[in-house]
Amino acid sequence: MDGHDSEDPKQSTADMTVFVQNLLQQMQSRFQTMSDSIVTKIDEMGNRINELEQSINDLRAEMGVEGSPSPLPPSKTKPGEGKQDEGSA
């Protein structure tokens, strides 16, 4: 039995080595999958931020084309100011 016992630790060590190698390969694969997923999500977020910035710029452009951001209509204020300027001149 001593001969069998001396071979058993060698086999046990070999089995443990294979087990650890497989475990490390699985962990590496999972980390790679998570890393790829994170990079993909970051890219998607970047695209969404770019789209949001473009939408904001579009809204700003629309506001600039439509007139002043003041809620009061500028047409009523300007003719009154124009009349005052004409009267004082």
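Which residues form a nonpolar patch on the surface? In this predicted model, the patch is formed by Met 16, Phe 19, Val 20, Leu 23, Leu 24, Met 27, Phe 31, Met 34, Ile 38 and Ile 42. Together, these residues present about 990 Å² of accessible area.

One member of the patch, Leu 23, is located in helix 1, which spans residues 2-66. Leu 23 has a relative accessibility of 38% and is therefore classed as partly exposed, a category that lies between the limits of 20% for buried and 50% for exposed residues.

The secondary structure of the protein chain consists of 2 helices, with 0 strands. The chain comprises 89 residues, of which 0% count as buried. Its accessible surface amounts to about 8,400 Å², and carbon and sulfur atoms account for 57% of that area.

Confidence was also examined along the chain. The average pLDDT of the protein chain is 79, and 64% of the residues reach a score of at least 70.

How values were computed:
Residues numbered from 1 in each chain as written. Predicted model: local features only at pLDDT ≥ 70, side-chain atom pairs only at ≥ 80, totals over all residues. Heavy atoms only, no water. Patch = residues over 30% accessible without salt bridge, like charges linked within 9 Å, V, L, I, M, F, W, Y side chains within 5 Å. Areas by Shrake-Rupley, 256 points an atom, 1.4 Å probe, with all protein chains shown as cover. Salt bridge = Lys/Arg side-chain N within 4 Å of Asp/Glu carboxyl O. Helix = DSSP H or I, 4+ residues; strand = E, 2+ residues; numbered from the N terminus. Buried < 20%, exposed > 50% of the residue type's maximum accessible area, 1.4 Å probe, protein only. pLDDT = per-residue confidence, 0-100.
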